[in-house]
Amino acid sequence: LSANRAVIDYTGLTKEEVQAQQFGDVFHRGDSERLHGQRVLAISRKRPFEYERRVRRKDGQYRWFLIQYNPLLDEGGEVVRWYATGTDIDDRRRAEDALRSNEESLRLIVDGIPGLVSTANASGELEIVSRQVLEYFGKTTEELKNWAIGDAHHPDDLPRVIDAYRRAIETGEPLDVETRNRRADGVYRWFHVRARPQRDAEDRIVRWYTLLTDIDERKKAEEKVRRSEEYLTEAQHLSRTGSFGCNVSSGEMLWSDETFRIFGYDRATKPAVEAILERVHPEDKARVQEQILRATREGKDCDLEYRLLLPDDSVKHVHVVAHASKDEPGGFEFVGAVMDVSAAKEAEERIRKDERELATTIETIPALVLSFLPDGTVDFVSHRWLDYVGLSREAMFPTRKPLSPALGGAWK
């Protein structure tokens with residue numbers, strides 16, 4: 001056995017000690033016990049091999065070395081001599097140990113966060129996932145690395161999520177997306193996925209940290225509110241009744257979709273008293289303005305009817321009711337409804353017209369006309385009948401009030 005000057009200088013051994021294989025404690029005892037069987041087997045195979053072990057420097061410090069063995073063979077394939085080289089890898093081993101320690105510390109931190117947490121490298125490849133992630137998805141880390149082609153995300157959300165991840169990796173901008181993730185039992189739940197990059201001193205991204213927050217209950221609540229709003233909007237549309245709110249102190253107003261429709265405005269219009277008055281029929285404007293001012297000044301409920309004159313010169317009849325209540329600063333706010341009663345007004349006008357036509361027809365009949373209720377009580381008499389008997393309508397019906405002036409005094 002022989003060794004070069006580098007071995008002698010590093011270990012402090014003499015050539016004689018090397019030749020006699022009197023190595024003492026040059027090789028770490030723990031490594032010698034671990035590698036003895038491996039070395040004997042490797043030598044018997046007559047092929048190159050290597051292993052790592054600690055070698056004592058002459059100052060007593062052990063450092064890690066990569067020991068590589070190469071055989072010199074004769075023509076018959078037998079080993080004539082073994083050549084071994086040793087490369088100091090202690091700094092690399094320490095760096096690897098430090099990295100493993102950091103990764104272990106990171107894993108402990110990640111596992112301790114009450115949420116689904118993962119880390120990825122600069123290109124977005126999954127590195128570390130928390131215990132909660134593995135438990136939620138019921139998959140291994142290797143399986144989760146293929147999330148883009150798996151069932152971790154809902155199929156309807158997957159294209160959108162892939163695009164968001166790709167955009168974040170390409171631009172370095174934080175990721176912020178909501179998606180449904182499949183639980184181990186097959187149930188999809190909504191999650192808010194946020195990823196933030198970690199950058200080095202040269203502003204290069206070295207790692208991504210991702211947090212998944214369960215927002216399923218919030219999404220269900222939002223969906224319930226959305227459906228309720230849709231039902232309310234549809235009900236208002238069917239009933240032709242809009243709603244509104246007004247804070248007198250701030251002047252802020254809120255209108256429902258149906259209120260915008262009734263007043264003939266689009267959603268881009270800012271709800272305001274001025275917008276209301278702009279649509280009020282000129283003949284009704286002074287009365288409406290005075291009632292609105294009195295209601296806001298006194299903080300009293302309001303109930304009024306008026307006409308709207310729209311840009312196309314069409315006329316609508318509306319019935320507005322508003323309830324006043326005190327707000328926290330001590331002012332007033334109103335909550336109310338505006339009803340499009342144009343159809344009812346048109347129906348009333350048709351009834352009045354029919355009644356006028358009926359009255360005209362009855363009075364032109366050349367006969368004495370009377371009508372009776374089911375109990376035999378006289379309900380109506382024509383003018384010809386009154387003229388014939390010489391009585392006035394008031395004298396004949398002293399306790400009854402006219403029901404319809406259009407009939408010249410129909411009585412009930």
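**Cysteines and overall form**

The sulfur of Cys302 lies 11 Å from the closest cysteine sulfur, that of Cys246, which is too far for a bond. The model is predicted: local features need pLDDT of at least 70, side-chain atom pairs count only at pLDDT 80 or more, and totals for chains, interfaces and linings use all residues. Residues are numbered from 1 along each chain as its sequence is written, and side-chain values use heavy atoms, leaving out hydrogens and water.

**Exercise 1.** State how many disulfides the structure holds, and account for Cys246.

Step 1. A disulfide is taken as a pair of cysteine sulfur atoms within 2.5 Å.
Step 2. For Cys246, the closest cysteine sulfur belongs to Cys302, 11 Å away, so a bond is ruled out by distance.
Step 3. The number of disulfides in the structure is zero.

**Exercise 2.** Decide whether Cys246 and Cys302 are buried or exposed.

Step 1. Buried means under 20% relative accessible area, exposed over 50%, and partly exposed in between (1.4 Å probe, protein chains only).
Step 2. Cys246 has a relative accessible area of 14%, so Cys246 is buried.
Step 3. Cys302 also comes out as buried, at 14% relative accessibility.
Step 4. For the protein chain, 32% of the 412 residues count as buried.
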